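Here is a short report for a first look at this protein. Keep the sequence and the model side by side as you read.

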Amino acid sequence: MARFRRKSCVTLTALALLIFVIAVVLKTLIPDDNGAVDSFGVAAFAQKGHGEEQRLQQNRVDFEIHTRAADVMTRKAPEEKELVLESEADAFPPPNYNIHIFYYIWYGNPQFDGQYIHWNHPLLPHWDPKVAAGYPKGRHEPPDDIGANFYPALGAYSSRDPSVIEAHMQQLRTAAIGVLAVSWYPPGKEDDNGKPVDDIMPLILEVADKYQVKVVFHIEPYKGRDDTSMLENIKYIVEKYGDHPAFYRYRSRTGKLLPLFYIYDSYLQSADIWAQMLKTTGKRSIRNTPYDGIFIALLVEEKHKKEIVAAGFDGPGYIDISVRPWNAQNTRNRINGRYYETSFSAAVETRPRIISVTSFNEWHEGTQIEAAIPKTGGRMAYLDYLPHKPTAYLEITRKWAKRFTEQLEKWLE
């Protein structure tokens, strides 16, 4: 994601935004011998591995997405107010723990949070006043007018709503996704438009475990972040959440089960600062301690490759193209799902160990695969997944997750 992802916004212009799938390359850039991971992360969950039954014990697996949005449709959509997702063979497909997806818990509404959070995202101005003058200003006004180009089937929901978390986990399992990369700030910290989210993590972990989904932490940038504060963050996460059965660990070549962390905007700190924590020679080295892990940096520019090596990261993370209303050259049309399928296919062809998907529910950027519905209201007519179902991108993901699993098995042979 680009640096200004947190400040992306939506205008009256209908933009078909990007879904970008990137293969994560683990332990290929690090010059130190820090217990590099094995070829694939299959063995990390031996008790629930690929050779065992991966189905939830339930009488029916079709689940309902209760459409809480106002029923104002301008194009043909399912007549039912409850959208039904069906899983093949009367069960969810097995979760693929080699597919991670970025997940955001910064959304709020009056029922659970006393106010709308993030759905009322402001329209941010261009840095050049002359350019900014040609674009609208102000803030979105939920529930009909939200800061997104698509409209969620669950409406302007709260990330604190247990029923929403339940529905999300069902969607993830239907898509065969095994690992949730949760956007996280340390206790007491939040993004520019949100509220602290750490207190939501226990709920996320509990519901994820119910659906055999694993959770990793996607650590966001915050004021004062450096190697010292990051070390404290890692210790906090491992000590508070590390024993939870839904906490994701990846098996290294040495047999160690290590937690994995995505570090957003890692380039904001210099390689020298990161090296103090991530290199075995660093003054505050985390390597070969109870807090060691797999640390994935953000790769935005070509020059960041050398910096990632020098910093001691275990690999580059993902890349996506962010969009501001005045930045239309970065828009990517979904082409009724073909763009997403092409990206996923390209990722699989690289023979990755893990594929990270951006995103499940980053609605501001339009990269979501979460179920969306046709709707008008507020300032704009929303984009949608027509002529496909609201669950189209979940089904595409499930198809490619299966193919990825088949390819992994071939590569292991």
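Asn 288 sits in the loop that runs between helix 6 and strand 10 (294–297). Its phi is positive, about 60°, although Asn 288 is not a glycine. Is Asn 288 buried or exposed? Asn 288 counts as exposed, because its relative accessibility is 54% and the cut-off for exposed is over 50%. Keep in mind that this is a predicted model.

Ile 335 also has a positive phi, near 50°, and is a residue other than glycine. Ile 335 is placed in the loop between strand 11 (315–316) and helix 8. At 34% relative accessibility, Ile 335 counts as partly exposed.

## The whole protein

The protein has 413 residues, and 59% of them count as buried. Its secondary structure comes to nine helices and 15 strands. Take the contacts between residues at least 6 apart in sequence: 77% of them join residues at least 24 apart.

## The largest nonpolar core

In soluble globular proteins, nonpolar side chains tend to be buried together. Here the largest nonpolar core holds 101 residues. Which residues touch the most other members of this core? They are Met 169 and Ile 204. Helix 9 (residues 392–412) gives the most to the core, with nine residues.

## A buried phenylalanine

Phe 247 lies in the loop between helix 5 and strand 8 (249–251). Phe 247 is buried, because its relative accessible area is 6% and buried means under 20%.

What does Phe 247 touch, not counting residues up to four places away in sequence? The list is Leu 205, Val 215, Phe 217, Ile 237, Tyr 241, Gly 242 and Pro 259. Phe 217 is 30 residues from Phe 247 along the chain, and their C-alpha atoms are separated by 9.1 Å.

## Helix 5 against helix 6

Helix 5 (residues 227–241) packs with helix 6 (residues 271–278) at an angle of about 40°. Their axes are 9 Å apart. The angle falls between 35 and 65 degrees, so helix 5 and helix 6 are oblique to each other. The crossing of helix 5 past helix 6 is right-handed.

Helix 5 makes the contact through Asp 227, Met 230 and Leu 231, while helix 6 uses Ile 273, Trp 274, Gln 276 and Met 277. By class, five of these residues are nonpolar, one is polar and one is charged.

## Helix 8 against helix 9

Helix 8 (residues 338–349) and helix 9 cross at roughly 15°, and their axes come within 10 Å. Angles under 35 degrees count as roughly parallel, so that is the term for helix 8 and helix 9. Helix 8 passes helix 9 in a right-handed crossing.

From helix 8 come Tyr 340, Glu 341, Phe 344, Ser 345 and Val 348. Helix 9 meets them with Tyr 393, Ile 396, Thr 397, Lys 399, Trp 400, Phe 404, Gln 407 and Trp 411. The contact of helix 8 with helix 9 has eight nonpolar, three polar and two charged residues.

## Cis peptide bonds

Thr 358 and Ser 359 are joined by a cis peptide bond, with omega about 10°. Ser 359 is in the loop between strand 12 (354–358) and strand 13 (372–373).

A cis peptide bond also joins Leu 386 and Pro 387, with omega about 10°. Pro 387 is in the loop between strand 15 (380–381) and helix 9.

Terms used
Residues numbered from 1 in each chain as written. Predicted model: local features only at pLDDT ≥ 70, side-chain atom pairs only at ≥ 80, totals over all residues. Heavy atoms only, no water. Axes fitted to C-alpha atoms, helices over the stretch in contact; angles between N-to-C directions. Helix = DSSP H or I, 4+ residues; strand = E, 2+ residues; numbered from the N terminus. Parallel < 35°, antiparallel > 145°, perpendicular 65-115°, else oblique. Left-handed = near helix turned anticlockwise from the far one by under 90°. Contact = heavy atoms within 4.5 Å. Nonpolar A, V, L, I, M, F, W, Y, C, P; charged D, E, K, R; others polar. Core = buried A, V, L, I, M, F, W, Y, C linked by side-chain atoms within 4.5 Å. Buried < 20%, exposed > 50% of the residue type's maximum accessible area, 1.4 Å probe, protein only.
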